[in-house]
Amino acid sequence: MVEGYDSGETSLLDSLGYVKKHLNYQSIVNEVDSIKSTCYRLGYIETKLQSLSRQNDTTFKAKLHLKDKFHTIYIYYDTSVLSENTLEAISVQSNDRYFEVQFKDIEAVMVYLNAEIAKRGYPFTKLKLTDIEVDQGTLKARLKIDRDDQKRTIDTIVIKGYERFPASFIKHYLKIKPEQTFDLALLKNKTEKLNNLRFANQIKPPEILFTEDATAIYLYVEKSKSNAFDGFLGFGTNEDDGKLEFDGFLNLVLSNNLNYGESFRLFYKSDENDQKTFEAGIAMPYLFKTPLGFDMQLHLFKRDSSFTNANQSYKLHYQINPKHNIYAGYKTLTSNNLLSNSMASISDFDANYVSLGYNFIDLRMNDVLFPTDAMITIESDFGKRKTPNVSESQSKFLVDAMNLIRINKRNSIYARFNGGAIQSNQYLENELLRFGGINSIRGFEENSLYANLYGLINTEYRYRLSNTIFAHSIIDVAYFENDIIDTKEKLFGFGVGFGLLTNSGLFRFVYANGKSENQGFKLSNSKVHLSLTTSF
């Protein structure tokens, strides 16, 4: 049993929940020492063991005197090692001689200060409190700091596992480079971003080799399958004649095949409306080992025998960090009217635009089913369009954003907003924004909707049946305006789908109905889409 100096102290000691049964005397002594240590941490630093006596054959009694409890402590420090700014986060009061902290927070404060000093390149720092004394009822101590005289910086970076990993990504993507102050916590945080790359991932945390005068960082990386093939087949009934119609697309992305982090994209799509789309693009990050990257894209579109569009774009982008990217570019658009009889809504034209944009993406590559947590792309184009008769200024705005809300391991909600607008005095049919289909509002034919302004929201409730199978609902809403035909309309898409992850890739099935408000919510369209995404 343990007693205090008075009933109040005894009650406090009983609340500590100490062990009361022991096999031998030494175990009793150890338990008493443990109780004293607990009292010290609570602020009773003057706790004394007054006696440890044997009452009978089976009972021992320890008597402790806790004395006064200290709630705060004044710690004196060396200003050449710590600054007042460092102490602001942990101290209620500080000056250039001492700082005051709550006694219960001493351990956390010491850990914090040790980490702050380590960030400055001193990983082997040791801290302890010395000269602890009570001066006129005030608890005081001195902070002693033992650290190396030599500040540690990163001298060498060694890649293991994927020796041809592009060096520019170490410097600009991870932002790790020689002569940088060594900070182990920050280094681990940076290298975790390797798992957000599509062409590589981290095998294990970095290892550090310290020698007398050098610090070497070893990164363990493996190359991933980053080439991707994506395709879908869609079929549905024609609104006019009821016949079955097919559409589909092929999307090929070749990534990091030259070990520079580059990517090449080839895209082809054929719609049931006799529309054909072809795209080819190349992206080269960290051009000439600088933080700048370069993208180039060619986009060709043909609608039956009405018109063709040829769009070229060039972008110079800068990566702020792995999630945030800004860019500026230049676009040219040439359109040709293929109709023999001239239509007022379709005309030959040439357009040139300056582009400004921002991109954000948050990936979770260890989740193969749902690798993207959030994404935002905002782009604005400013320029002029020239027809044979007139030249006028134009501006375009595009927004694409999505967020995956993970409720728990099985349930999640997917939400996406996509929209665009053209501002112009007059509009041509062959310059309008096109949307509709599996990657837009589902239940409608691919690129069947034309607008000078539109916005759509895709939502899915997703239920993960296993690590390789999920099912989801489809509720889509869209609004668009077409000033050429003086139309303002609301659209709705409803359906279901499921996804299956196989050795070949991710297979998806989607069935959706499209409805139009102007048609009294009658069935406008029914579509079935089959898609496959695979990496190699």
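Is R364 buried, partly exposed or exposed? The points below answer that and cover several other features of this predicted model.

1. R364 is partly exposed, at a relative accessible area of 36%. Its salt-bridge partner is D373, and the closest N and O atoms of the two are 3.3 Å apart. D373, in contrast, counts as buried, because its relative accessibility is 11% and the cut-off for buried is under 20%.

2. Over the whole structure, the search returns 23 salt bridges. As background, side chains of opposite charge can pair when their charged atoms come close.

3. A further salt bridge is formed by D476 and R442, with 2.9 Å between the closest N and O atoms. This pair connects distant parts of the chain: D476 sits in strand β26 (residues 469-482), while R442 lies in the loop between β23 (433-435) and β24 (449-451), and 34 residues separate them. D476 has 0% relative accessibility and so counts as buried. R442, at 5%, counts as buried too.

4. E460 and R462 are joined through their side chains by a salt bridge, at 2.8 Å from N to O. Both of these residues are buried.

5. The second largest pocket has a volume of about 460 Å³. It is lined by 22 residues, and those closest to the pocket centre are P166, A167, S168, Y260 and K289. Elements contributing two or more residues to this lining are β9 (156-160), α5 (167-173) and β15 (275-284). The largest share is that of α5, which supplies five residues. By class, the lining consists of 16 nonpolar, two polar and four charged residues.

6. Which residues of helix α1 (residues 7-14) are buried? They are E9, T10 and L13. Viewed down the axis of α1, the buried residues fall within an arc of 100°, so they line one face of the helix.

7. L250 is part of strand β13 (residues 244-255). With 47% relative accessibility, L250 counts as partly exposed. G231 is 19 residues away from L250 in sequence, yet the C-alpha atoms of the two are 4.5 Å apart in space. Leaving aside residues up to four places away in sequence, L250 touches F229, D230, G231, L266, F267 and Y268.

8. Two backbone angles deserve a look. Most residues other than glycine have a negative phi. N259 is not a glycine, and its phi is positive, near 60°. N259 is located in the loop between β13 and β14 (263-270), and it counts as buried, at 9% relative accessibility.

9. Where is F288? F288 lies in the loop between β15 and β16 (292-303). Although not a glycine, F288 has a positive phi of about 55°. F288 is exposed, with a relative accessible area of 75%, whereas N259 is buried.

Methods. Residues are numbered from 1 along each chain as its sequence is written. This is a predicted model: local features need pLDDT of at least 70, side-chain atom pairs count only at pLDDT 80 or more; totals for chains, interfaces and linings use all residues. Side-chain values use heavy atoms; hydrogens and water are left out. On a 1 Å grid over the protein atoms alone, a cavity is a set of points where a 1.4 Å probe fits but cannot get out, and a pocket is an open set with protein on both sides within 12 Å along at least five of seven lines; lining residues have an atom within 4 Å of a point. Grid points are joined across faces, edges and corners, and a volume is the space filled by probe spheres set on the points. Helices (H or I, at least four residues) and strands (E, at least two) are DSSP runs, numbered from the N terminus. Ala, Val, Leu, Ile, Met, Phe, Trp, Tyr, Cys and Pro count as nonpolar, Asp, Glu, Lys and Arg as charged, and the others, Gly among them, as polar. A salt bridge is a side-chain nitrogen of Lys or Arg within 4 Å of a carboxyl oxygen of Asp or Glu. Buried means under 20% relative accessible area, exposed over 50%, partly exposed in between (1.4 Å probe, protein chains only). The arc is that of the directions from the helix axis to the C-beta atoms. Contact means heavy atoms within 4.5 Å.
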